[in-house]
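I opened my notebook to go through this two-chain model step by step. Here is what I looked up.

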Amino acid sequence: MKPFEPVIVAFCCHYCAYTAADMAGSQRRCYPPNVRIVRVPCSGKVDTIHILKAFEKGADGIYVAGCLDGDCHFKNGNIRASRRVASVKGLLDEIGIGGERLEMVKISAGMGDRFADIAEQMTEKIRKLGPNPIHAARTAA
Amino acid sequence: MITAERKPLEEIIAYVRPFDRILLVGCNECVTVCAAGGRKEVGILSSALQMAFLKQGKNLQVKEHTLERQCDPEYVEELSSMIDGADAVLSMACGCGVQEVARRYRDKPVFPAVNTTFMGASERQGVWAERCQGCGDCLLGITGGICPIARCSKQLLNGPCGGSTHGKCEISPDVDCAWQLIWDRLKALGLENRYEEIIPAKDWRTGRGGGPRKIIREDLAE
């Protein structure tokens, strides 16, 4: 049996985390290929339904990456994203997926190393948690 | 507007567990504005329910539809083309909408997905507060535009009571004393004299005291 390789979706703000991913590349930093990046205009744009649909379609873990506190290009999108992520974590617990599969992280555009570190940490965390139970149930059905 | 909050997922799951095909119906009016049961919340609940059931090995079919207004028969009629494809209806509208769907489609079980809470106004983004209890005999004209029925914990007509401290109600430091607000407003309007006039005991028959109410407009009713 193949070892479990999680699928991780990273919703990355165009102004910070997405650029940080570029920076990680420029720095020749490797990070796990498990992470699929979705560029968004602001972390505040990421809605509950985007997160749920990603889990529904088989993501094992998700993180929303926004700007550092006070640095949001749209003033407070990252703060809204943090609140939304906290609320969706509760909903994921209710569903039975587990809120720990979702995280909010904050990165500046220059933090290439931090981007790669987070990608590694998140991949390792989800690898330990195992597959998304929804995806597992669907595959079994 | 009428405000509502989604019920705990566990309770909703228990309602729909016996069924395989659900029609999940939202409403574009009040529950959309208070982010409880509009198109967006319908999408979220649909996804959440499908995943929760899939985890238990069941493939729940959910048809999503959001009506312009779920408390009017004209709009509820829209569901007639899709009702046969569902074993049960789950409504995200207020209690009025749930009952209208139940009245129109008598042979379908209808369940509420939200708890209808109160008639209120938005204080700021994401915060709603009770403002009206629909007593049927509005007092706002003599209380400076602040309702003692909805906003005074004791519904006092001649307040405040001894529990008012620094403008707050004794039930919680987060609750304003309605009568303090009324006094402050009357003072700002130069209407202090109005405060001296005793408001007589209220006739509660215009409210729920008279049983379920109905409005019949002779000029409009058919």
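**Entry 1: where the chains meet.** I started with the rule for a contact: two residues touch if their C-beta atoms, placed from the backbone, lie within 7 Å. I kept in mind that the model is predicted.

**Entry 2: one residue in α3(B).** Next I picked B:Ala52, which lies in helix α3 (residues 39-55) of chain B. Is B:Ala52 buried or exposed? I looked up its C-beta neighbours inside 10 Å and found 21. The cut-off for buried is 20 or more, so B:Ala52 counts as buried. Then I looked for its partners, leaving out residues up to four places away in sequence. B:Ala52 touches A:Ile95 and A:Gly96 in chain A, and B:Leu9 and B:Ile13 in chain B. B:Leu9 is 43 residues from B:Ala52 along the chain. Their C-alpha atoms are separated by 9.0 Å.

**Entry 3: α1(B) against α3(B).** I followed those partners to the helix pair. α1(B) and α3(B) pack at an angle of about 70°, and their axes are 11 Å apart. That makes α1(B) roughly perpendicular to α3(B). Which residues make the contact? From α1(B) I listed B:Leu9, B:Ile12, B:Ile13 and B:Val16. From α3(B) I listed B:Ala48, B:Leu49 and B:Ala52.

**Entry 4: one face of α5(B).** I moved on to helix α5 (residues 95-104) of chain B. Its buried residues are B:Gly97, B:Val98, B:Glu100 and B:Val101. An α-helix has 3.6 residues a turn, so residues three or four places apart point the same way. The buried residues of α5(B) pack against β2 (21-27), α4 (73-76), β4 (88-91) and β5 (110-112) of chain B.

I also checked B:Ala102, in the helix α5 of chain B. B:Ala102 has 17 C-beta neighbours inside 10 Å, so I marked this residue as partly exposed.

**Entry 5: domains of chain B.** The domain assignment gives domain 1 (2-118) and domain 2 (133-209). Their centres, taken over C-alpha atoms, are 37 Å apart.

**Entry 6: a helix in chain A.** Last, I looked at helix α1 (residues 17-26) of chain A. Seven of its ten residues are buried, so the helix is largely enclosed by the rest of the structure. Among them are A:Tyr18, A:Thr19 and A:Met23. What do the buried residues of α1(A) pack against? I found β1 (8-13), β2 (35-40), β3 (61-66) and α4 (112-129) of chain A. Just after α1(A), A:Arg28 takes a positive phi of about 60°.

Definitions and conventions: Residues are numbered from 1 along each chain as its sequence is written. Chains are lettered from A and ligands numbered from 1 in the order in which they are written. This is a predicted model: local features need pLDDT of at least 70, side-chain atom pairs count only at pLDDT 80 or more; totals for chains, interfaces and linings use all residues. Helices (H or I, at least four residues) and strands (E, at least two) are DSSP runs, numbered from the N terminus. A residue is buried if 20 or more other C-beta atoms lie within 10 Å of its own, exposed if 12 or fewer, and partly exposed in between; C-beta atoms are placed from the backbone. Domain bounds come from an automatic or database domain assignment. Axes are lines fitted to C-alpha atoms, for helices over the stretch in contact, and angles run from 0 to 180 degrees between N-to-C directions. Angles under 35 degrees count as roughly parallel, over 145 as roughly antiparallel, 65 to 115 as roughly perpendicular and the rest as oblique.
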